[in-house]
Structures are given as C-alpha cells and as structure tokens.
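Q: Could you go through this one with me, starting with the ligand and then moving on to the sheets?

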Amino acid sequence: MDAISYERAPDAAAAIRSASQPGAVFIGGGTNLLDLMKGGIARPLKLVDITHIDGMERITPLPDGGLRIGALARNSDAANHAWVRERYPLLSQAFLAGASAQLRNMATVGGNLMQRTRCYYFYDAAFAQCNKRTPGSGCAALEGNNRIHAILGASTQCIATNPSDMSVALAALDAVVRVSGPRGERAIPFAEFHRLPGERPDLDTTLQAGELITSVDLPPPLFAEHSKYLKVRDRASYAFALVSVAAALQIEGGTVKTARIALGGVAHKPWRATETERMLTGQPLSRATLQSAAALAVREAKPYRENGFKVELAQRAIVRAVEQAGGVA
Ligand SMILES: Cc1cc2nc3c(=O)[nH]c(=O)nc-3n(C[C@H](O)[C@H](O)[C@H](O)COP(=O)(O)OP(=O)(O)OC[C@H]3O[C@@H](n4cnc5c(N)ncnc54)[C@H](O)[C@@H]3O)c2cc1C
C-alpha cells in the first residue's frame, strides 16, 4: 500500500503551492479520483483538498450579462440554480443527464471538467496496453472491445472518448475556463481546454502542472428559447453517453440565425460540428436540410470494429436534438 498525505487547503494560493509539489493532486468531490486510486490507475502521493476554499462554490452574474460558475459548485447545485435553469437550460439538462443524484451532489464542476475516460482498458490495470495510462504501451482498444470508443479525431495511439455530459453543453455555449496557477491566472476558451490524443493521449487537457480551475464563465445567454441536450445511452439513467448532442439555436422569422452543435461520446474531447452549424445558418429547419447538415458532422468519421453504429446514431441524434431545440418535433 502506498502512503498518501492529505492537506486541506485554506485558500487558492495555498492549494496551488501544495499541488505544485511532485505527486500532489487536487481532490474535489472525489467521485472520479478515488475510484481511480482504488483501481491503482492514479497513484498520488498527496491529496490537496480544495473543497474548503471559500467562495469558489458561488454562482454569480458577470457584468456583461454572463454567468460565473465557481469550480467548486456541486453539479446538482449548478443544475438547479435558477439562473442556469432559466438562462442556460441546455447546461442544466446536461448536468441532470450525468451520473446519479447522489454523485451529482458530490461532484464539482472543476472535477467534472477533469474526469478521465471510461475506456475499459484505461480503467483496468490488468491490461498492460494503454497509452493513456502507460505511455508507449500500445492501445488495446484499437483491435479489442471498442463499442464505446471514438469515431472522430482519434489517433493510432488512443481511441478513448471524453465522458463528460456537462462539457458537451459548455462546448456549445462557448464557455471559458478560468484557471490560476504558479505563473498567474489565465482564461482558456472551451475549445482549447480538452485536447485530441495525437501522440500524447496521456494528456486530456491543456491545464499545466499546479493550475487550479477556479470557475467556468458563460457568455451572455443567447439560446434559452431554443436548446436541447439529447443523450443516447444503453440505460435510461446512470450510464455514459454512446452519443450525445448539445444543440443551441437562435431562430428569427422561421430561419436559423445562429446554430451551435456539439457532440459527446464520439471523440477524445467534446466535438463541435462546425460544418453542420454553417449549413444550418440562414436556413429554415426542414428535415432534408437537417439530414444533409448532420451528415457533414460525420464526414470524417473513422469507426472501428464494434462502433460503426455511432456514425448513423450521431446523425439521427443531431436531427432529433435540433428539431427539438427548434420546436419542430
Ligand atoms: C458510477 C458513475 C457514473 C457516472 N456517470 C456519469 C455520466 O453519465 N456523465 C458524466 O458526465 N459523468 C458521470 N460520472 C462522472 C462524474 O461526473 C465525475 O466523477 C465527477 O464530475 C468528478 O467530479 P469530482 O469533483 O468528484 O472530481 P474528483 O474526483 O475530486 O477529481 C477528478 C479530477 O479532477 C481534478 N480536479 C478536481 N477539481 C479541480 C480543480 N478545481 N482544478 C483542477 N483540477 C481539479 C482532480 O485532481 C482529479 O484529477 C459518473 C461517475 C460515476 C462514479
């Protein structure tokens, strides 16, 4: 058994100092990190408990009309906050589609952003091959059980997917992740926060060592009237997405003024379907246009032995989510 030390950080500065030491990691709700430690996948030397940092759980309006969600806000509190429900219902729906009520009561927004993939081979240390867990060891999923794996943006090193529902909505909403670290503060546009596997599948995000996520900032709400988070999964609850779609629209005079579409369950990061968005813009929401636009989202798809169904599923899910967002279904 490894010896682990525990420290309760009184404030952000102390947390960052402690987490900059070798082998130290932040712990939020612990719903992912502790599972990984029990399985021997994560082996930290020191846990820096950030849950007592005052104020980082707050949800507050921003001067530009946007909303700041503190990184320590629990998933259930964020989902049920009046402003989130009224102004960003897409995000509220995504939170509520994740995990279970008990888990959402513990899970923090920062921890949700950082949760690791649910690839079977990553989670099971009995498998020697996993480039994400042990760089250079290979990827057992390439030729193995890959039903839940990526069809977009994967590499020969890794075909794992990002499991976060919340992050798919945040991608569609163009959120900004605010972090504070040993070299100061920075704001990371959501599209640049998670990364594709490339040659470094061990790195899920662009967060640097010792950096603490302090909040997620949402731009002013544009999509409260027309949005939908649709999650397709094996069970109606308590299951990760096979494919999910965050669809957000602005509609004027029966045509789409702005479209934002993000997909979950298909890539190593939340996947923005930018070509689909462009094709929908300026068009009325007809089934034919939607089907052509949805096909663009998977034009570059590369399925593996067991997950070819995701190519069709993603298109159908986009059509349904956009129709529901637009009120035509
Ligand atoms: C059975 C089960 C089912 C689930 N189903 C779903 C699902 O359907 N959809 C879904 O989206 N999720 C699901 N989850 C995952 C759940 O959402 C995550 O476990 C949770 O969001 C992680 O948050 P946490 O605060 O507990 O993170 P922790 O476990 O405390 O931490 C996770 C990681 O984040 C890092 N971290 C935490 N806070 C910060 C911070 N502020 N700055 C920098 N790094 C930080 C930690 O160091 C650690 O590496 C499920 C989990 C379980 C156990």
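Q: Which helices and strands each supply at least two residues of the shell around the ligand?
A: They are β2 (24–27), α2 (33–38), α6 (101–106), α7 (109–114), α9 (165–172) and β8, where helices (H or I, at least four residues) and strands (E, at least two) are DSSP runs numbered from the N terminus. This is a predicted model, in which local features need pLDDT of at least 70, side-chain atom pairs count only at pLDDT 80 or more, and totals for chains, interfaces and linings use all residues. Residues are numbered from 1 along each chain as its sequence is written.

Q: And which element gives the largest share of that shell?
A: The largest share comes from α7, with 4 residues.

Q: Which residues come nearest to the ligand?
A: Of the 30 residues around the ligand, the nearest are Gly28, Gly29, Gly110, Gly111 and Met114; a residue counts as near if its C-beta atom, placed from the backbone, lies within 6 Å of the molecule.

Q: How do the shell residues divide by type?
A: There are 16 nonpolar, 12 polar and 2 charged residues in the shell, with Ala, Val, Leu, Ile, Met, Phe, Trp, Tyr, Cys and Pro counted as nonpolar, Asp, Glu, Lys and Arg as charged, and the others, Gly among them, as polar.

Q: Back to β8: how many of its residues are buried?
A: In β8 (residues 212–218), 6 of the 7 residues are buried, that is, 20 or more other C-beta atoms lie within 10 Å of their own, with C-beta atoms placed from the backbone.

Q: What is the strand order in the sheet with β8?
A: The order is β4-β5-β8-β6-β7, an open sheet of 5 strands with antiparallel pairing, where two strands pair if DSSP finds at least two bridges between them. The edges are β4 (59–61) and β7 (184–189), and each has a single partner strand, so one side of each is left without a neighbour in the sheet.

Q: How many bridges join β8 to β5 and to β6?
A: β5 (residues 67–70) pairs with β8 over 4 bridges, and Gly70 has Ser215 as its bridge partner in β8. β6 (residues 176–181) pairs with β8 over 5 bridges, Val176 being partnered by Asp217.

Key. A residue is buried if 20 or more other C-beta atoms lie within 10 Å of its own, exposed if 12 or fewer, and partly exposed in between; C-beta atoms are placed from the backbone.
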